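I opened the model today to look up a few sites and write down what I found, one entry at a time.

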Amino acid sequence: MLSELMSQKEWFGDILGKVLFNREFSESQKAGIWPNEFTLHRSPDRAFLVLCYIWGPYLSDTAHDHGSWGIIGSFMKPIGERKYMRLDDGKKEGYAELKEVSSTVLQPGEITSVLPLNKGIHRMENRSDDVAITINVYGRSMRRGYIQFFYPENRAVTRVYPPKSLREALAIRAAGALSASWSEDLLKQVLSSELTDPIRKEGEYSLARLKSSL
Ligand SMILES: [Fe+2]
C-alpha cells in the first residue's frame with residue numbers, strides 16, 4: 001500500500017499547501033523529536049501512523065532505535081540508510097556497542113523497514129545537495145515516551161524525548177550532574193511528584209549518580 005501511495009505524487013501538493021497555508025493543519029502537528037517530520041495520517045484505532053520527512057541537503061539523523069515496527073519509503077529523490085546491529089547486552093547505562101551491517105541508497109519507490117528497539121537501529125542520510133522526501137509508516141509503540149540515540153564512535157547511547165519531556169529530562173540531568181547543595185532535595189521532590197515512567201527513571205538515575213559522586 002505504501003508503494004501504491006508513493007507511485008502517485010498529486011496528493012503531496014495538497015499536503016505542502018496545508019503546511020504553508022492551513023493554520024489548523026500546522027497547529028495539529030505535534031512537535032516531535034525530529035524537526036523535519038510532518039504527520040499525514042493517524043489511523044482512528046491508533047494502530048499505525050503515516051509520517052513524511054523532508055530532508056534538506058546533506059541532512060542526516062543520528063543513529064536511533066524505534067518503539068515500533070516501521071516501513072520507510074523513498075518518495076522523491078534518493079535517500080541513504082545505514083543499519084546497525086547492537087553487540088552489547090544493554091545493561092550498562094549509557095553504553096552501547098554497534099556494528100554497521102549495511103549502507104544503502106534507496107531510490108525513489110524503494111522501501112526499507114525497521115523492527116522495534118535493538119532490532120531496528122538505523123540512520124537515514126541525505127547524501128546529496130538536493131531535497132529528499134520519505135514517507136514513513138509506524139505501528140503502535142511498545143515503548144512509549146522516548147527513543148534512543150546512538151553514537152557508535154563513542155560507544156554511547158542516550159534517551160531522547162519529545163520537546164516537552166526533553167526539557168524536564170535535561171533539568172533533572174543537570175540537577176544530578178551539578179552536585180549542588182540543593183541537588184538531592186530537588187531530585188527527591190521531583191521523584192515524589194506525578195511523573196511519566198521514563199522521566200521517573202531519569203530522576204532515579206540522576207539521584208543514584210548524585211549519591212555515588214558524594
Ligand atoms: Fe528511523
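Entry 1, a threonine. I began with the side chain of T134, which makes a polar contact with the side chain of N136 at 3.0 Å, and I keep in mind that this is a predicted model. A further polar contact joins the side chain of T134 to the side chain of W55, at 3.1 Å. I located T134 in strand β8, which covers residues 132-139. Its relative accessibility is 0%, so I count T134 as buried. Leaving aside residues up to four places away in sequence, I noted that T134 touches L51, C52, Y53, W55, I72, G73, S74, F75 and I79.

Which residues coordinate the iron ion? I found H64, H66 and H122, each through NE2, at 2.1 Å. Along the chain, the donors of the iron ion follow the spacing H-x1-H-x55-H.

I looked up a nonpolar surface patch of about 270 Å², which is made by F48, W69 and L115. Of its members I followed L115, which sits in the loop between β6 (111-114) and β7. Is L115 buried or partly exposed? Its relative accessibility is 44%, so I recorded L115 as partly exposed.

Key: Residues are numbered from 1 along each chain as its sequence is written. This is a predicted model: local features need pLDDT of at least 70, side-chain atom pairs count only at pLDDT 80 or more; totals for chains, interfaces and linings use all residues. Side-chain values use heavy atoms; hydrogens and water are left out. Donors are N, O and S atoms within 2.8 Å of the metal (3.2 Å for Na, K and Ca); water is not among the atoms, so sites may look incomplete. Patches are made of residues with over 30% relative accessible area and no salt bridge: like charges are joined within 9 Å, nonpolar side chains (Val, Leu, Ile, Met, Phe, Trp, Tyr) within 5 Å. Accessible areas come from the Shrake-Rupley method with a 1.4 Å probe; for residues, only the protein chains shown count as cover. A salt bridge is a side-chain nitrogen of Lys or Arg within 4 Å of a carboxyl oxygen of Asp or Glu. Helices (H or I, at least four residues) and strands (E, at least two) are DSSP runs, numbered from the N terminus. Buried means under 20% relative accessible area, exposed over 50%, partly exposed in between (1.4 Å probe, protein chains only). A polar contact is a pair of N or O atoms within 3.5 Å; within protein, one must be able to donate a hydrogen and the other to accept it, and residues adjacent in sequence count only if both atoms are side-chain atoms. Contact means heavy atoms within 4.5 Å.
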